[in-house]
Amino acid sequence: MAVTGLLMIGFLLMHMFGNSKMFLGEESFNHYAEWLKVEMLYPLLPKGWFIWIFRAVMVAAIVLHIYSAVTLWRRAKLASPTTYEAKRRLAQTYSARTMRWGGIILAGLLIFHLAQFTVHATLVAGPYTGSPYQMVLSEFRIWWMVALYALWMVTVCMHIRHGFWSAFATLGANTSPKAQVVLNACAWAVAILLYIGFMVMPVAVFFGWIGR
């Protein structure tokens with residue numbers, strides 16, 4: 001669960017960087033989208049192969065992450081005290097207490113997000129015209145789409161804040177009180193960076209700072 005979680009955090013950081021290409025204009029963003037799908041790692045790989053390999057890896061990571069979550073949940077249920085034993089709730093953050101439900105919400109919204117921007121099956125502003133740049137502009141000029149995206153990113157970053165700390169703790173990095181403080185600070189930094197990095201572009205589109 002730790003390894004797949006960190007892999008997905010790495011993907012989100014790359015995705016955030018790709019979204020920032022919107023600020024460079026239509027030609028730059030469309031070229032980036034085409035390069036990512038067709039030209040990346042060419043000629044080491046045939047054109048168009050990388051994106052499918054990458055998608056397969058990410059799907060495998062998501063499936064394994066969910067499988068790990070279900071397995072850990074089942075183990076926790078089996079190890080929970082009986083009705084004759086006193087239960088003691090450890091101090092937890094809100095993010096930690098809502099990891100399971102947050103994961104379920106994330107999975108549902110991820111399916112919608114992929115259907116919207118990758119498959120183009122749930123576009124709300126109209127049919128896909130062939131330009132990734134114009135598609136993004138059209139979708140994020142709708143106020144409730146930006147609001148939904150903002151709420152989704154809150155859930156994502158709450159999940160990441162706890163997941164980042166938990167992953168490195170699982171891998172043995174939580175070795176002292178000082179290390180715990182550093183890990184917690186890094187977890188907050190990554191979560192805040194991702195939220196700002198993902199939201200700055202939709203907000204800029206909505207207020208007309210991009211694509212006037």
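Mentor: Contact means heavy atoms within 4.5 Å of each other. Keep that in mind for the model above, which is a predicted one.

Trainee: Does Asn 19 count as buried or exposed?

Mentor: Buried means under 20% relative accessible area. Asn 19 counts as buried because its relative accessibility is 10%.

Trainee: Let me zoom out. How many helices and strands are in the chain?

Mentor: You'll find 8 helices and 0 strands, so the order of elements from the N terminus reads α-α-α-α-α-α-α-α. Of the 212 residues in the chain, 33% count as buried. Take contacts between residues at least 6 apart in sequence: 67% of them join residues at least 24 apart.

Trainee: And how do I read a nonpolar core? Which residues have the most contacts inside the largest one?

Mentor: The general idea is that nonpolar side chains tend to be buried together in soluble globular proteins. In this model, the largest nonpolar core has 34 residues, and those with the most contacts inside it are Met 22, Val 136, Phe 140, Leu 194 and Ile 210. Two or more residues of this core come from each of helix 1 (2-19), helix 5, helix 6 (132-140), helix 7 and helix 8 (177-206). Helix 7 gives the most, with 10 residues.

Trainee: Pick one for me. What does Leu 194 touch, not counting residues up to four places away in sequence?

Mentor: With those left out, Leu 194 touches Leu 12, Leu 13, Met 16, Met 153, Cys 157 and Ile 160.

Trainee: Which residues line the largest cavity?

Mentor: Its lining is made of Leu 109, Phe 112, His 113, Gln 116, Phe 117, Met 145, Leu 148, Tyr 149 and Trp 152. The elements giving two or more residues to that lining are helix 5 (99-117) and helix 7 (143-170). Helix 5 gives the most, with 5 residues. Sorted by class, the lining has 7 nonpolar, 2 polar and no charged residues.

Trainee: How do I read a residue in a loop, say Thr 122? Where does Thr 122 lie?

Mentor: Thr 122 lies in the loop between helix 5 and helix 6. With a relative accessible area of 25%, Thr 122 is partly exposed. The C-alpha atoms of Thr 122 and Phe 112 are 7.1 Å apart, though the two residues are 10 residues apart along the chain.

Trainee: What lies 3.0 Å from a polar atom of the side chain of Thr 122?

Mentor: That's the backbone nitrogen of Gln 116. The backbone oxygen of Phe 112 is 3.4 Å from a polar atom of the Thr 122 side chain.

Trainee: Last one. With which side chain does the side chain of Arg 161 make a polar contact?

Mentor: With that of Asn 184, at 2.9 Å. Arg 161 is in helix 7 and counts as buried because its relative accessibility is 5%.

Definitions and conventions: Residues numbered from 1 in each chain as written. Predicted model: local features only at pLDDT ≥ 70, side-chain atom pairs only at ≥ 80, totals over all residues. Heavy atoms only, no water. 1 Å grid on protein atoms, 1.4 Å probe; cavity = no way out; pocket = protein on both sides within 12 Å on 5 of 7 lines; lining within 4 Å. Helix = DSSP H or I, 4+ residues; strand = E, 2+ residues; numbered from the N terminus. Nonpolar A, V, L, I, M, F, W, Y, C, P; charged D, E, K, R; others polar. Core = buried A, V, L, I, M, F, W, Y, C linked by side-chain atoms within 4.5 Å. Buried < 20%, exposed > 50% of the residue type's maximum accessible area, 1.4 Å probe, protein only. Polar contact = N/O pair within 3.5 Å; in protein donor to acceptor, adjacent residues only side chain to side chain.
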